[in-house]
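Subject: Structure handover

Hello,

Here is the structure I promised to pass on. Please open it first, then read the notes below.

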Amino acid sequence: MIKVIAIAVWICAATLGAVFYSFQAAGERGVGEKPKPMLGGLDYVKTDIISVPLIRDSEIGGYFLTKLVYTVEPEQIKKLSIPAEALITDQVYSYLYSNPQIDFTNKATIDLDAFRVAIRDTVNARVGAPLVHEVLIDQVNFLSKDEIRDNWLRRKKSETASEMTKAFKEH
């Protein structure tokens, strides 16, 4: 019986020693390591859908729709006097209106990397500090005026059909 108790005490002591050693060794390695830019220290903020009408020859040619995610330093974003989303939305409008050569009907002319970099750089220049580190695209679409009209007509037809079905069921 004494042998069993001695073995149990020995196993507990060895286990506690191993756990203590592993915590000590892990603590020494972690000192002074900086978090990687994409692995921590930044907040990820999503925008609502930003809808920008694109005007060509005094007519609306369609709508550019995007939903963005941007990374910011938490301390920097707290210092802003206006919402960061308002700055991002303003820069999306400014970029699209200052680059009328972008043709959203031709995917080959769209440079999403240039779009992301331009949004980041212009927001940081406007704020005067490195606020936005990365702009990520969550969603991007372009709806032409014809597509919008077709969607509206389809929705209108389905509403009319459901009203007729409802009226038929009532009688």
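At the start of helix H4, a side-chain oxygen of Asp111 comes to within 3.4 Å of the backbone nitrogen of Asp113. Keep in mind that this is a predicted model.

**Helix H4**

H4 covers residues 112–127, 16 residues in total. At 1.5 Å a residue it should span 22 Å, and its end C-alpha atoms are 23 Å apart, so the two values agree. Gly128 follows the helix. The phi of Gly128 is positive, near 85°.

Five names to look for in H4 are Phe115, Ala118, Ile119, Val123 and Asn124, which are buried. What do the buried residues of H4 pack against? Their partners are strand S3 (59–72), helix H3 (84–98) and strand S4 (132–144).

**Gln91**

Gln91 sits in helix H3. Is Gln91 buried or exposed? Its relative accessibility is 8%, and buried means under 20%, so Gln91 counts as buried. Setting aside neighbours within four places in sequence, Gln91 is in contact with Ile119, Thr122, Val123 and Arg126. Ile119 and Val123 are also among the buried residues of H4.

**The largest pocket**

The largest pocket holds about 190 Å³ of space. Its lining is made of Phe64, Phe104, Thr105, Lys107, Ile110, Leu112, Val140, Asn141 and Phe142. By class, that lining has 6 nonpolar, 2 polar and 1 charged residues. Which element gives the most to the lining? S4 does, with 3 residues.

Best wishes

Notes:
Residues numbered from 1 in each chain as written. Predicted model: local features only at pLDDT ≥ 70, side-chain atom pairs only at ≥ 80, totals over all residues. Heavy atoms only, no water. Helix = DSSP H or I, 4+ residues; strand = E, 2+ residues; numbered from the N terminus. Expected span 1.5 Å × (residues − 1). Buried < 20%, exposed > 50% of the residue type's maximum accessible area, 1.4 Å probe, protein only. Contact = heavy atoms within 4.5 Å. Polar contact = N/O pair within 3.5 Å; in protein donor to acceptor, adjacent residues only side chain to side chain. 1 Å grid on protein atoms, 1.4 Å probe; cavity = no way out; pocket = protein on both sides within 12 Å on 5 of 7 lines; lining within 4 Å. Points joined across faces, edges and corners; volume = space filled by probe spheres on them. Nonpolar A, V, L, I, M, F, W, Y, C, P; charged D, E, K, R; others polar.
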